Each structure stands twice: as C-alpha cells, then as structure tokens.
Amino acid sequence: MKPLILKIDPLDIDQGAIRKAADVINNRGLVAFPTETVYGLGANALDSRAVAGIFEAKKRPLDDPLIVHIFGREDLEKLVKTVPREVEKLIDRFWPGALTIILPRSSIVPDIVTGGIDTVAVRMPSGRIARKLIEMSGVPIAAPSANLFGRPSPTMAEHVVKDLGRSVDLVLDGGETEIGVESTVIEFSGKKIVVLRPGGVSGEELRAFSSETEVLSENEVSRRSPGKYPRHYSPRGEVKIAGLGEGQREKLISMAREEASSGKKVGILAAAENEDRLEDIPYKVLGSAKDPKACASRLFRALREFDSESFDVIIAEAIPEEGLGLAVMNRLRKAAGSS
Ligand code: TXA
Ligand code: MG
C-alpha cells in the first residue's frame, strides 16, 4: 500500500502541502521529504515516541544515531551544550548545506535520537522543501536517509515508497535530489576537523576553509563513529569495483566476463568515457570520471536501477577520489562490503 504522496515544485512551493506534512510531524507521524542531498525520513526530534517510529520503519539498529535537522542558527543553541568559535566559523561558511556537525548534546535531545551517547549530529539543510517543512513544523526534525537500513539512499520519492511503503505517513515528492550523496559528517578534535563520513561538502572545500583540517581514513572512521556497519548503501546485486589505472576498460570487461561465465546476470556501472566501449556487456553510465558531481548525483539511482532489472553482479568503475569523487568511492566500497 502507498502512503499519501504530495508532489511539490521546489521552485514554487505549495504551502498547503507543506502544512499537511507539518501537521503529520506535529502529530507524531513520519514524513519523507527531499533535502539537497537525499530524501530524509523525518519525525519530531524532541518526541521519543515519534523518533522510535523512524527506527521501526527503516529496520535500523537503535545504536545508529540520527541527524537532527534545524531551520535557523538559534535552534542549534537549544540542542547542544556549547558552540565553539571554530564551529561558528564553519556554520557561517557551510550552512545551510550538506555539512553535519557533531557536538555535545543538551538535555532536551532524547536518548533515542543519539543512541544514548553524549553527542548529537546537527545539520541545517539548504533544500527549500526541507527548510519550509522544518520552519512550519516549528520543531527540529530527526531524519536519517529514507531507505530501508543498508539499502542505497533514496534520491527520488519512488525509492522511498518502494523501501518504506505504508510505514511512512506522507511523502513530499520534490523530484530528484540535487547532490545525490548524503551530507559530510564531521566532529571536532581540538581544533581539527575530523571527517567521519565524506559527503556533499568535499574534503577540498573543508581544507580550503581551514588549513588544519584532518581527514581520517575510513578504517579510523569505523573505529570512531557509532553506527558504522561494514556493508551499507547496498543494492541486492553484488558490487565489485574495478580499480583505477591503465587498462581499466579491459579490466571491467574481463571481470564482467568471469562473473557471467557462472551464469550470473552482470552489468557494468561505467564512467561516461567508456560508454559504447564495453562490447556486448550491459551497462549504465555513472557520469564522466572528470565530473564527480554528476557521478554523485547518479550513483544511488543507478544502483537501484540495476536492482529493479535483477542484476546479480554490478562491476563498478572507480573514479578519481577528488571533490565528490571521495564520497562516491566511499559509498561504492561500502556497497561492495569492502570497508
Ligand atoms: O544528507 C544526509 O545526511 C541525510 C539527509 C536526510 O539529511 N541524512 C542521512 O542520515 O544520511 P543517516 O542517518 O542515514 O546518516 C547519519 C550518519 C550515520 O552514519 C550515523 O552513524 C552518523 O551520521 N551519526 C549520527 N549521529 C552521530 C553522532 N552523535 N556521532 C557520530 N556519528 C553520528
Ligand atoms: Mg543512511
């Protein structure tokens, strides 16, 4: 069964539709809504019972903490103990936007939001529908990505409906999201910024902002951050990555042939540069390897398309880890279960 789905033009927002969604939030319900990164599954962050519904709908383990989405700068003050000066500067530069900041939480944040730990993840999204929804609800909105736990994040309303069906009360359909990968999650260690999850704000942007930015490796991240699971963002098909370098096209083809020889349905997730050069092997184009932004915006949709066409194996072409390329390769490695 389908939830109530309301189509909204982000450039000409129907206030009545947002009002309905805000009413759902204020009545302890769940609303899926687009942000600039991916669709979120939202509930009133200050209401434990409402937030419990998120975990149930997603089948998400309770120790994986949620991001709280805010409308204005003043909302941050209520959710956290203090806002250090370094954080102020970051906020001025990157909010509203795809940056999630982890800070010591205040007592109004319910335990269920953070899995009981003493920090809370906060983000002020820039997506216009998201902003309007938080504003009209009048409460901060806890929202993980609106997929079933472990699946690729949704970049379209239909992905949400496919994964969550009736367990979400209302879906705001604002079309395809712009960035396509989730926000960058950071915390502070002294004055250093530690990236726990690469995402919509690139490492280069963070480094340009502060020469002291340190980017920890994924291995270090998995030790530090709660709620990190080895396989994530995964389609049903098995993902294998063909590394960068000389002969990448030949590598893709030979990997695909080998998998296909055991009778599996195999497809290639290819950089645009190799389009039409993959012999008779079915493929989907991610984007130009020189355009990581385009690749990020296509990634999750492409993985889901392979699933709906019942591919058993997806051979993914690596792209350079520059700009959003880092987030793309991070998600592909997680999808492959290799980090
Ligand atoms: O772009 C996004 O961030 C989307 C949209 C909807 O805003 N949200 C999203 O949420 O991706 P979610 O729950 O799928 O991912 C949040 C990540 C998880 O890996 C979680 O473990 C981490 O943030 N996280 C949340 N609170 C944390 C905390 N207090 N300490 C460390 N990691 C935290
Ligand atoms: Mg998620």
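**Entry 1: the loop between E12 and E13**

I began with Glu275, which I found in the loop between strand E12 (266-271) and strand E13 (283-287). The model I am reading is predicted. Glu275 counts as partly exposed, at 36% relative accessibility. I looked up its distance to Gly287, which is 12 residues away along the chain, and the C-alpha atoms are separated by 9.6 Å.

I then turned to Glu279, whose place is also in the loop between E12 and E13. Glu279 counts as exposed, with a relative accessibility of 56%. Its phi is near 55°, a positive value in a residue other than glycine.

**Entry 2: backbone angles elsewhere**

I noted as background that most residues other than glycine have a negative phi, and that most peptide bonds are trans. Arg28 also went on my list, with a positive phi near 70° in a residue that is not glycine. I placed Arg28 in the loop between helix H1 (15-26) and strand E2 (31-34). Arg28 is partly exposed, at a relative accessible area of 39%.

I looked at the peptide bond between Trp95 and Pro96 and found it cis, with omega about -5°. Pro96 sits in the loop between H4 and strand E5 (99-104).

**Entry 3: aromatic pairs**

How many aromatic pairs does the structure hold? I list two. Phe94 and Phe209 make an edge-to-face pair, with 5.7 Å centre to centre and 70° between the planes. Phe94 belongs to helix H4 (residues 85-94) and Phe209 to helix H8 (residues 203-209), so this pair ties together parts that are 115 residues apart in sequence.

Phe306 counts as buried at 1% relative accessibility, and Phe311 counts as buried at 8%.

I also looked for charges over these rings. The charged end of Lys265 sits over the ring of Phe311, 4.5 Å from the ring centre. Over the face of Phe306 I found Lys284, at 5.3 Å from the ring centre.

**Entry 4: nonpolar cores**

I counted 69 residues in the largest nonpolar core. Those with the most contacts inside this core are Leu41, Leu76, Trp95, Leu99, Leu269 and Leu299. Helix H11 (residues 292-308) gives the largest share of the core, seven residues. I recorded a second, separate core of 20 residues, which includes Ala22, Val31, Ile141 and Leu172.

**Entry 5: ligand 1**

Which residues come nearest to ligand 1? I noted Thr37, Arg60, Asp64, His69 and Ser183, out of the 25 residues around the ligand.

An N or O atom in the side chain of Thr37 is 2.6 Å from an oxygen atom of ligand 1. For Arg60, a polar side-chain atom lies 2.9 Å from an oxygen atom of the ligand. Arg197 likewise has a polar side-chain atom 2.9 Å from an oxygen atom of ligand 1. Taken alone, ligand 1 exposes 680 Å², and the protein buries 95% of that.

Last, I went through the strands in the shell around ligand 1. Strand E4 (67-69), strand E6 (119-123) and strand E10 (192-197) each supply at least two residues of the shell. I marked E6 as giving the most, with three residues.

Definitions and conventions: Residues numbered from 1 in each chain as written. Chains lettered and ligands numbered in written order. Predicted model: local features only at pLDDT ≥ 70, side-chain atom pairs only at ≥ 80, totals over all residues. Heavy atoms only, no water. Phe/Tyr/Trp six-rings, centres within 6.5 Å; stacked < 30°, edge-to-face > 60°. Helix = DSSP H or I, 4+ residues; strand = E, 2+ residues; numbered from the N terminus. Buried < 20%, exposed > 50% of the residue type's maximum accessible area, 1.4 Å probe, protein only. Lys NZ or Arg CZ within 6 Å of the ring centre and 35° of its normal. Core = buried A, V, L, I, M, F, W, Y, C linked by side-chain atoms within 4.5 Å. Near = heavy atom within 4 Å. Polar contact = N/O pair within 3.5 Å; in protein donor to acceptor, adjacent residues only side chain to side chain. Areas by Shrake-Rupley, 256 points an atom, 1.4 Å probe, with all protein chains shown as cover.
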